[in-house]
Amino acid sequence: MFKLKLYGWKIKNAVRRALTDERGEVSVVAVVLLIAVAVVLVLLFKEQISKLITDLLKSITTKAETVLN
């Protein structure tokens, strides 16, 4: 039981340190902004991205069938 409480205490302190550590705030904001930009770009170019992936998969399938036959 003592070991379980010790592990719980260690986890609690690690989470508390991670949440109160201010050194990583800038990088967290940067990551969130990059994700937001990526989502906006995907939404803006959804049709073009879809067409590109479809064309690539068709090309791969055609070339694979050529090699197998």
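Biologist: Is Phe45 buried, partly exposed or exposed?
Modeller: Buried requires under 20% relative accessible area, and exposed requires over 50%. Phe45 has 41% relative accessibility, so its class is partly exposed.

Biologist: Which helix gives the most residues to the nonpolar patch?
Modeller: The patch covers about 910 Å², and its residues include Val37, Leu44, Phe45 and Ile60. H2 (25-44) and H3 each supply at least two of the patch residues. With five residues, the top contributor is H2.

Biologist: What share of the protein's residues count as buried?
Modeller: The protein has three helices and zero strands. It exposes about 6,900 Å², with carbon and sulfur atoms supplying 72% of that area. Of its 69 residues, the share that counts as buried is 1%.

Biologist: In which helix is confidence lowest?
Modeller: For the protein, the mean pLDDT is 84, and 84% of residues reach 70 or more. Where pLDDT is low, the predicted coordinates should not be read in detail. Helix H3 (residues 46-68) has the highest confidence, at 94. The lowest, at a mean of 74, is in helix H1 (residues 2-20).

Conventions. Residues numbered from 1 in each chain as written. Predicted model: local features only at pLDDT ≥ 70, side-chain atom pairs only at ≥ 80, totals over all residues. Heavy atoms only, no water. Helix = DSSP H or I, 4+ residues; strand = E, 2+ residues; numbered from the N terminus. Buried < 20%, exposed > 50% of the residue type's maximum accessible area, 1.4 Å probe, protein only. Areas by Shrake-Rupley, 256 points an atom, 1.4 Å probe, with all protein chains shown as cover. pLDDT = per-residue confidence, 0-100. Patch = residues over 30% accessible without salt bridge, like charges linked within 9 Å, V, L, I, M, F, W, Y side chains within 5 Å. Salt bridge = Lys/Arg side-chain N within 4 Å of Asp/Glu carboxyl O.
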